[in-house]
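Good morning, colleagues. Please bring up the sequence and the coordinates on your screens, and I shall take you through the strands and then the side-chain contacts.

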Amino acid sequence: MKAVITLICTLLLPDFPSASAVEFHGDRLYLIGDDAACIQVLDKDYHIVRNIRISGATEKRIAKALKADYEAAVLIRLHGRTYLMASGSLATEKRRQLLLLPLPDGDSADIQFIPYPPAFTAQLLASGINELNIEGAAVVNNTLLLSNRGNNTWPQNQLVLTAPGFWEQAAPALSVVPLTLLTPTPVFAGVSELCYVPEKDLLLCTFSSEATANAYDDGAIGDSYIGWINNISLKLSQTTITPDGMLNLTNAHPAFKGEKIEGICVESIQGNTLTLHLVSDNDAGASRLFKVSFTFNGE
């Protein structure tokens, strides 16, 4: 399958820090920042609708040692309701937390904060993950996928397969599968988000390169990519999963240069063209939104 990215528009958000994930539901975008004190809700034209506070912090950016580090987000169905689920990166104890916001009308008082079960994180570490850094999430049919980002010391991305609502189970089952690039990038590119397109059975993955040796420190920003995996529901039992293709966003448009793409979601589908929203974090306290068309053809 070949694909082409076309930039529709982009907007800098100087007052929203560290965008790390974005989801689309009911004509609204839900923007999450890894050290932001609120979830920002926008319309499709990037006008701010409201802010939903998720922390009592008063500063613009929650201190690095204190933040929950919400890096992954996904829409999830539980007990007959739709929730926005955000996951901490798990890189430290404070980051081992989930957030559940009921949609579409949930507010701060409705949010559930759920600690990761210690047995779950212990099982992750025992399943071949050298350093925990959850940065992506998607639901494929009845399987919740979490992506673990590698770094320059441990250059291996991985997918964690478990059940939606795993935190409610006494002994949740999980498996870990390498997410391996067919053609390695010039510099290691860590997975930064997942997005499932059920109408196409397509898993979109964003990747970014960053000069960092661990899951805690930031580093110089390199290129970002969109990868895709066709027929993903048929591949979840494989011993390794490989993207069928990759697009270098910096090569696609100069607006992506120096931008670390952290989130991706689908607004609409028309034939073989997806309208996507991407978010980036520049590590300096601002975020940027990108609206793009993603057109693919062939297998």
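I begin with a term: a residue is called buried if its relative accessible area is under 20%, exposed if it is over 50%, and partly exposed in between, with a 1.4 Å probe and protein chains only. The model is a predicted one, in which local features need pLDDT of at least 70, side-chain atom pairs count only at pLDDT 80 or more, and totals for chains, interfaces and linings use all residues. Residues are numbered from 1 along each chain as its sequence is written, and side-chain values use heavy atoms, with hydrogens and water left out.

Let me apply that term directly. K291 and E267 are both buried. Their side chains form a salt bridge with the closest N and O atoms 3.5 Å apart. For a salt bridge, a side-chain nitrogen of Lys or Arg must be within 4 Å of a carboxyl oxygen of Asp or Glu. By this rule the count is 11 salt bridges.

I turn to two further salt bridges. D27 and K44 meet at 3.7 Å, N to O. D27 lies in the loop between β2 and β3 (28-33) and K44 in the loop between β4 and β5, so this contact ties together parts that are 17 residues apart in sequence. D27 counts as partly exposed at 42% relative accessibility, and K44 counts as partly exposed at 31%.

Next come R95 and D69, whose side chains meet in a salt bridge of 3.3 Å, N to O. Here the loop between β7 and β8 (97-102), which holds R95, is tied to the loop between β5 and β6, which holds D69; the two parts are 26 residues apart in sequence. Are these two residues buried or exposed? R95 is buried at 2% relative accessibility, and D69 is buried at 3%. Salt bridges that share partners join D34, K67, D69 and R95 into one network.

Now to the sheets. In general, strands of a sheet pair through backbone hydrogen bonds, either parallel or antiparallel. Two strands are taken to pair if DSSP finds at least two bridges between them.

Strand β4 (residues 38-42) is joined to β5 by 5 bridges, while β3 and β4 pair over 3 bridges. Which residues does Q40 face? L31 stands opposite Q40, and in β5 the bridge partner of Q40 is N51. I39, in turn, stands opposite I52 in β5. The hairpin of β3 and β4 has 4 residues between the strands. That of β4 and β5 has 5 residues between them, and there Y46 takes a positive phi near 70 degrees.

In a regular strand the side chains alternate between the two faces of the sheet. In β4, C38, Q40 and L42 point one way, I39 and V41 point the other way, and all are buried.

A second open sheet also has 4 strands, in the order β6-β7-β8-β9, with antiparallel pairing. Its edge strands are β6 (70-78) and β9 (112-115). Strand β7 (residues 81-88) is joined to β6 by 8 bridges, and A72 stands opposite S87 in β7.

Finally, the aromatic rings. Rings of Phe, Tyr and Trp (its six-membered ring) pair if their centres lie within 6.5 Å; planes under 30 degrees apart count as stacked, over 60 as edge-to-face and the rest as tilted. The structure holds 7 aromatic pairs. The rings of Y116 and F166 have centres 5.6 Å apart and planes at 40 degrees, so this pair is tilted. Both residues, Y116 and F166, are buried. Y116, F120, F166 and W167 form one aromatic cluster.
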